[in-house]
Amino acid sequence: MKVQVNQLREGCILSMDVTSLTNKPVIPKKTVLTKEKISVLHAFLVNEVSVEPTLVDGSPFRPGEVMGDPEESQNEDLYLPFSSHYLKTVQDFKKVFQSWQSGSQVDIVKVRQFFIPLLERSIKTPSEIFMLHHYSTKEDYLYHHSVAVGLLSGFIGNKLNYEKGQWIQIAIAGLLSDCGMAKVDPSILNKQTALSPEEYNEIRIHPTHGYKMLLNLPVIREGVKLGVFQHHERIDGSGYPLGINGDKIHPFGKILAVADVYHAMTSERAYRSKQSPFKVLELIIQDSFGQFDIPVIQALTAGIANFSIGTRVKLSDGQVAEIVFIESKSPTRPMVKIESSQEFIQLAQRRDLYIEEIL
């Protein structure tokens with residue numbers, strides 16, 4: 001939707017690049033607007049921009065109206081842009097998480113009602129999954145992380161040829177992977193600086209808390225419970241809470257482990273800046289021979305490779321380029337064409353450069 005700049009508010013999300021007279025983006029699409037970025041638009045004398053119909057907090061954006069948070073049916077959600085549907089699901093998850101903090105049991109029926117429609121939609125348009133990190137905020141990181149890990153886990157399960165009923169269970173395990181955080185002291189969850197060793201040890205107990213929350217719920221399958229319990233275990237035994245290795249880790253746990261670390265590293269957090277999906281996958285691949293399941297890594301990597309041709313990216317040296325070719329041997333280091341010089345660069349042969357951001 002197009003709106004006047006003077007109607008913008010913090011939390012609006014650009015749906016198209018805002019360009020200057022040189023046609024270079026002043027602010028790229030998918031940017032969440034702050035007061036400072038709105039001031040930049042005024043400074044560049046921009047009159048009108050295109051934004052998503054939903055704010056980053058999941059509420060609808062209606063210029064000139066009082067913002068509301070109406071209850072929409074699941075059918076209506078499917079008519080929303082994917083980003084709006086995702087943001088609404090994040091807020092739905094936030095509500096149930098806060099109920100868990102108050103002592104409520106996990107209501108899997110309620111969880112499935114708001115999550116499954118988005119999951120099924122994401123499987124049909126998987127490129128959307130790899131843009132979710134743009135919407136994660138420091139304040140609501142935990143809720144964004146849970147929904148995104150659910151979607152990523154379901155995507156990986158689907159790519160690994162699990163039957164639909166199975167990849168839905170894998171996705172639910174991903175969504176619930178951090179449910180145990182509801183039993184962690186909120187002051188630790190909300191801390192905006194690096195955790196102390198004692199606080200980190202408290203966080204490390206969350207898989208156990210999560211398993212206990214799900215243990216006596218017969219409607220939740222054993223694979224989901226084990227996935228939640230084991231999503232921080234590593235194949236080389238370096239994970240937690242038990243430090244188990246190899247085949248002792250349930251296949252769901254191996255999938256969740258990759259989805260969890262991928263989204264965490266691509267998202268902006270209170271004490272850590274986000275990195276591009278390409279850079280993160282490269283780092284994960286470097287560790288995959290020791291910590292992560294290789295077929296799971298390959299499934300995730302294949303997903304980002306499939307939609308990336310033609311994508312505009314920013315390189316680590318600041319240059320803007322377009323992805324023109326991806327080699328199967330080095331999917332995180334494609335061939336790119338520099339916009340300013342039209343030069344072609346094979347990143348596999350330029351180890352000093354990497355893709356810093358997807359534009």
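Leaving aside neighbours within four places in sequence, His145 is in contact with Asp178, Asp260, His263 and Ala264. The model is predicted. His145 belongs to helix H5, which covers residues 141-159. Its relative accessibility is 3%. Buried means under 20%, so His145 counts as buried. One of its contacts, Asp260, also meets His145 through a polar contact. This contact joins the two side chains at 2.7 Å.

The largest nonpolar core has 85 residues. Within this core, Tyr86 and Trp100 have the most contacts. Tyr86 touches Leu118, Leu132, Tyr135, His144, Val147, Ala148 and Leu151, when residues up to four places away in sequence are not counted. Another core lies apart from the largest one and has 15 residues. Among them are Leu8, Val18, Leu41 and Val51.

Helix H3 spans residues 82-101. Its length can be checked against its residue count. The helix has 20 residues, and at 1.5 Å a residue these should span 28 Å. The end C-alpha atoms of H3 are 29 Å apart, which agrees with that expectation. Of the 20 residues of H3, 15 are buried, so the helix is largely enclosed by the rest of the structure. Just after H3 comes Gly103, with a positive phi of about 105°.

Key
Residues numbered from 1 in each chain as written. Predicted model: local features only at pLDDT ≥ 70, side-chain atom pairs only at ≥ 80, totals over all residues. Heavy atoms only, no water. Helix = DSSP H or I, 4+ residues; strand = E, 2+ residues; numbered from the N terminus. Buried < 20%, exposed > 50% of the residue type's maximum accessible area, 1.4 Å probe, protein only. Polar contact = N/O pair within 3.5 Å; in protein donor to acceptor, adjacent residues only side chain to side chain. Contact = heavy atoms within 4.5 Å. Core = buried A, V, L, I, M, F, W, Y, C linked by side-chain atoms within 4.5 Å. Expected span 1.5 Å × (residues − 1).
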